[in-house]
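Reader: I am new to this structure. Please take one part of it, the contacts between charged side chains, and go through that part closely.

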Amino acid sequence: MNNGKKIKGLAVVFGAFLLLTGCGAKEQSGSETAPVQQFETEMDENLIAVGFSQVGAESDWRAANTESIQSALTPENGFYLIYEDAQQKQENQFKAIRNFILQEVDYIVLSPIVENGWDTVLQEAKDAGIPVILVDRKAQVDEDLYTCWIGADFESEGRRAGEWLEQYLKEQGRADEEINIVTLQGTLDSSAQLGRTEGFAEVMAEHDNWNMLEMRDADFTQAKGQEVMESLLQKYDDIDVVVSENDNMAFGAVDAIQEAGRSCGPDGEITILSFDAVRAVFDAMLSGEINVSFECNPLHGPKLQEIIKTLENGGSVDKIQYMEETYFDTDMDLEELQKTRAY
Ligand code: GZL
Ligand code: ZN
């Protein structure tokens with residue numbers, strides 16, 4: 001059972017639909033303004049109150065991650081979930097966490113947009129006796145400021161990408177060719193960006209015929225990916241490989257490459273390696289635009305639910321909990337594989 005703390009009645013006051021402005025509210029004959037609707041929601045004592053501060057809604061991966069957690073932490077499963085979307089701003093995550101502390105939630109779940117800056121606010125949560133569970137990205141803080149972390153091994157994803165490229169170039173008889181590479185990086189200082197960049201660089205170091213022309217931040221979004229790729233295409237006339245640190249930036253890169261009259265994918269001049277392996281990248285691989293995507297499993301919900309229940313029952317959990325993941329490329333039966341994708 002949760003520790004009996006309950007969220008103080010959330011007096012949620014919804015603004016009246018001011019009829020003065022006829023803002024879409026039903027006209028009410030005679031009265032100047034609709035009565036202010038006020039109600040209290042008392043959190044049911046039997047539910048485990050969880051405050052979840054999510055990075056944002058910047059990518060397909062993020063949407064799948066949010067959906068997985070929201071569909072696991074439901075009242076039917078014994079949870080009262082308060083969800084806050086930080087719109088990719090760390091400031092908003094600080095506010096959300098302080099809000100959760102005020103509401104005396106039982107647990108705080110946080111996907112830290114970047115790795116640094118969390119010591120103060122997580123110390124406040126610790127002082128309030130509220131366990132913090134990190135999901136997806138990491139925070140560079142003292143281990144005693146969070147109970148555990150669930151996520152992917154980003155370095156191994158990056159290494160896997162480098163090893164895939166080695167194999168791919170060998171099969172093409174290009175193992176000794178000068179290979180010019182650009183990287184579309186994810187949000188700088190995020191664990192996914194740091195790990196993928198680091199892991200790929202480890203393999204890159206073994207190939208002095210691989211040249212990293214430039215790595216540039218495109219913030220994990222499709223729009224930024226297209227904008228940065230356009231600029232890189234203008235700057236460099238011989239790009240052989242694009243490493244895109246998530247699928248949405250890769251979709252933007254494909255648009256930029258095609259609009260520049262160039263070609264990409266297995267039959268194109270520019271090879272594209274991507275990360276996440278969301279459903280939409282299967283379409284892009286099937287249509288020959290992207291070569292490969294390295295999976296990063298967003299389905300943290302069930303594992304998170306199990307961890308909180310274990311803690312509620314006085315159990316202990318491992319500090320680091322990796323998700324299982326693989327990769328998918330155009331040599332595989334993607335049509336078949338796509339059917340079983342949960343995200
Ligand atoms: C990875 C996650 C990254 C995804 C992006 O675990 O942090 O953030 O790769 C998302 O799609 O924006
Ligand atoms: Zn070249």
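Author: A salt bridge here is a side-chain nitrogen of Lys or Arg within 4 Å of a carboxyl oxygen of Asp or Glu. The model is a predicted one, and by that rule it has 16 salt bridges.

One of them pairs Glu-157 with Arg-196, at 2.7 Å from N to O. This pair links distant parts of the chain, since Glu-157 belongs to helix 4 (residues 154-171) and Arg-196 to helix 5 (residues 191-204), 39 residues apart. Glu-157 and Arg-196 are both buried.

Another salt bridge joins the side chains of Glu-58 and Arg-62, with 2.8 Å between N and O. Both Glu-58 and Arg-62 are buried.

Glu-227 and Lys-224 lie about one helical turn apart, because three residues separate them in helix 6 (residues 222-235). Glu-227 has a relative accessible area of 45%, so it counts as partly exposed. Lys-224, at 31%, is also partly exposed. Elsewhere, Glu-58, Arg-62, Asp-136 and Arg-137 form one network through salt bridges that share partners.

Asp-240 is buried, at 8% relative accessible area, whereas Asp-238 is partly exposed, at 35%.

Technical notes
Residues numbered from 1 in each chain as written. Chains lettered and ligands numbered in written order. Predicted model: local features only at pLDDT ≥ 70, side-chain atom pairs only at ≥ 80, totals over all residues. Heavy atoms only, no water. Buried < 20%, exposed > 50% of the residue type's maximum accessible area, 1.4 Å probe, protein only. Helix = DSSP H or I, 4+ residues; strand = E, 2+ residues; numbered from the N terminus.
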